[in-house]
Amino acid sequence: MFELLHTDGSARAGRLNLAHSIVPTPVFMPVGTQACVKGLDATDLQEILQAKLILANTYHTYLRPGAEIMKEFGGVHKFSGFNGSFLSDSGGFQAFSLGTNVKKTDEGVWFCSHIDGSKHLFTPESVLDMQYALNSDIMMVLDDLIALPATQQRLAQSVETTTKWAKRSIDYHNAQKSQGKASTNHLFGIVQGGVSEQFRSQSALELRELEFDGYALGGLAVGESAEQMYATIAHTAPLLPESKPRYLMGVGTPENIIESIDRGVDMFDCVMPCRNARNGTLFTHFGKLNIKNTKHKHDQSPLDPLCTCYTCARYSRAYLHHLNKAQELTYHRLATLHNLSYYMTLVRGAREAILQDRWQSFKAEFYAKRA
């Protein structure tokens, strides 16, 4: 599934061989929460952004449209029209954050739908059943995510529950494979433990023994400082198998991504480029730009003079400023295309630099432009 092609320091360049695409790493995955990236369609993703791997959310697709419709279509690929690969999260984070009357038990997570209030149970097995219905190329286990800071007792409980559920998940997945099913659905474990080196080590070593197809670092960017997050990544990444992909979940800014690649991470996703685009914040080589600012009203230059994306090649800051002020839906598409292109071009450039043994100079250039 994963080939590690080259390293430059701790930074890694590799390749994911999935059923629906071959994915060069490092990779940034656009977030397609409800089987779509907000404001874009499959043509935008495939032909303009040339995305090979995007994320779908198990919680949202479970509630709407549901597993039966996904099965009717043979999975999320045909349903959405995106012919690349999908990674699906377990939905556990959304069950905690969006549901009401949430209750965690040894069995799983009870929650009430944010749509109609109906009651549901997510178990390690049931979230995999939903991901099989999606036919996800990469599936995530149900884990016990907590906000930070947290007590030692809560961290210990989180690691214990995460390992227990991970064991149930891998046993269930292996049972499916023994029946000739799920041969192209790869399963990732999720390392928890807050910013504690002790608990991160415990979680990583316990999950290694279960031999997942890949490993994610979960429970970061949930209240800790950037320095604490970087230290946790630097400690945890070397504990994971070198031959398996490493995925940092839900992080983050361009700086976060550069620093995490520097510490050995291969895969990223975050809602930030899409959400910020919709709210008027656009990413450039020189930092963030607020398109709402009136100084852009007459500006004929592109958003980023170093960017060759679909939006920058065709439209001015003045036009994007006008669309934003007029609340035109076209703004959301053009701004989202730009921000995603910036993120995806950044990690593609990082990959080329790693392959050419010039990672540190690439990183220095990244910060020099922003300064």
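Is Ser90 buried or exposed? In this predicted model, in which local features require a pLDDT of at least 70, side-chain atom pairs count only at pLDDT 80 or more, and totals for chains, interfaces and linings use all residues, residues are numbered from 1 along each chain as its sequence is written. Side-chain values use heavy atoms, with hydrogens and water left out.

Ser90 is buried, because its relative accessible area is 4%, where buried means under 20% relative accessible area, exposed over 50% and partly exposed in between, with a 1.4 Å probe and protein chains only. The residue lies in the loop between β7 and α5 (92–98); helices (H or I, at least four residues) and strands (E, at least two) are DSSP runs, numbered from the N terminus. Leaving aside neighbours within four places in sequence, the residues in contact with Ser90 (heavy atoms within 4.5 Å) include Thr58, Phe122, Val127 and Gln131.

Val127 lies in helix α6 and counts as buried because its relative accessibility is 0%. Not counting residues up to four places away in sequence, Val127 touches Thr58, Ser90, Phe122 and Leu142. Helix α6 (residues 124–134) is largely enclosed by the rest of the structure, because 9 of its 11 residues are buried; among them are Pro124, Glu125, Met130 and Tyr132. Just after α6, Asn135 takes a positive phi of about 60 degrees.

The "active site" annotation of the unreviewed UniProt entry covers Asp89 and Asp269. These residues are spread over 181 residues of sequence but cluster in space, the largest C-alpha distance being 10.7 Å. UniProt positions are given in the numbering used here, feature names are shortened, and annotations may be inferred rather than shown by experiment. Asp89 is found in strand β7 (residues 85–89) and counts as buried because its relative accessibility is 12%. Asp269 is found in strand β15 (residues 267–269) and likewise counts as buried, because its relative accessibility is 8%. Its side chain reaches the backbone nitrogen of Gly250 at 3.0 Å. Leaving aside neighbours within four places in sequence, Asp89 is in contact with residues including Leu55, Asn57 and Gln131, whereas the contacts of Asp269 include Phe28, Leu55, Tyr247 and Gly250.

The chain is divided into domain 1 (2–269) and domain 2 (271–370), with bounds that come from an automatic or database domain assignment. The C-alpha centres of the two domains lie 26 Å apart, and 33 residues of domain 1 are in contact with 32 residues of domain 2. The area buried between domain 1 and domain 2 is about 2,800 Å², of which carbon and sulfur atoms give 70%; buried area is the accessible area (1.4 Å probe) that two parts lose on being put together, summed over both. Phe28, Pro254 and Ile258 supply 22% of the area that domain 1 buries against domain 2, more than any other three residues.

Note on methods
Polar contact = N/O pair within 3.5 Å; in protein donor to acceptor, adjacent residues only side chain to side chain.
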